[in-house]
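Reader: I want to learn how to read aromatic ring pairs. Please start with the rule, then show me the case.

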Amino acid sequence: MTVVSPSALSPAHEALLGHVPIGPHSVIEAETESYEHEGLALEGYLARDVQADERKPGVLILHDWHGVGDNVKMRAQMLARLGYVAFAADLYGADVRPEGDAASAEAGKYYRDLPLLRARVAAGFSWLRQHPAVDPARLAVIGYCFGGTAALEFARTGAPARGVVSFHGGLITHEPSDANAIAASLLVLTGGDDPVVPDEAVAAFENELRAAPHVDWQVTTYSGAPHAFTIPGGERYRPVADARGWRALVCFLDEVFA
């Protein structure tokens, strides 16, 4: 069993990664990948088992407002260990990895321009879909915080993903609604103590989906979980909610890719 990675993760991320074992015949490789959207250079992160002898389902991972970093890299490696080709897309630009208040400002550009956000996700989705190791008929999109919002916005374009998952992402409702365009199954995992996604936002989001009865959706709320409850190493990390969310994701992917 082997892992080849261009850079080490933080101790907290490495510890969590260790909870997913590597298969005895697997060789997991992870590397940065350059691509672009409308002339803007982007840099994502790909993880896969290079010993796989057939095309595998692909999972696109969307980062929080800090950009491509340890959290999505860790999740990509975790998914690769489960047999998926996982690609952490870059929604900001190759040199944009903001911290502090700059992260909020950078994310705000995209919250104010949802068509651009959707298009930036589409660029990563297209890159993954065309990868020779990926089965283009079996694709899913997952996202964390800002990336969770981005994943749900992408679903509203009618994207040909089997499933879309949001971890503690913002739930934006639309008027007029475009929920009828959603083709993917949706899994929304949110925190019961998340001030960014209060109960009324969850209710409004569910009501919008109820008006599109063909959409397959589920929302799970974890008690005591604040915003960013899946990000290890931070004060808002909640290991029980994170573990439950991970199991929910694994079961969901098993279902949509069956």
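Author: Rings of Phe, Tyr and Trp (its six-membered ring) pair if their centres lie within 6.5 Å; planes under 30 degrees apart count as stacked, over 60 as edge-to-face and the rest as tilted. This is a predicted model: local features need pLDDT of at least 70, side-chain atom pairs need pLDDT 80 or more, and totals for chains, interfaces and linings use all residues. Residues are numbered from 1 along each chain as its sequence is written, and side-chain values use heavy atoms, with hydrogens and water left out.

Reader: Which residues do ring pairs link into a cluster?

Author: Y92, Y110, Y111 and F146. By the pairing rule, the count is 11 aromatic pairs.

Reader: How is one pair described?

Author: By the distance of the ring centres and the angle of the planes. Take Y92 and F146: the pair is tilted, at 5.6 Å centre to centre and 35° between the planes. Y92 lies in the loop between β5 (85-89) and α3 (101-111), and F146 in helix α5 (residues 146-155), so the pair ties together parts 54 residues apart in sequence. Helices (H or I, at least four residues) and strands (E, at least two) are DSSP runs, numbered from the N terminus.

Reader: Are Y92 and F146 buried or exposed?

Author: Both are buried. Buried means under 20% relative accessible area, exposed over 50%, partly exposed in between (1.4 Å probe, protein chains only).

Reader: What angle lies between the planes of Y222 and F229?

Author: 75°, so the pair is edge-to-face. The centres are 5.7 Å apart. Y222 is buried at 8% relative accessible area; F229 is buried at 0%.
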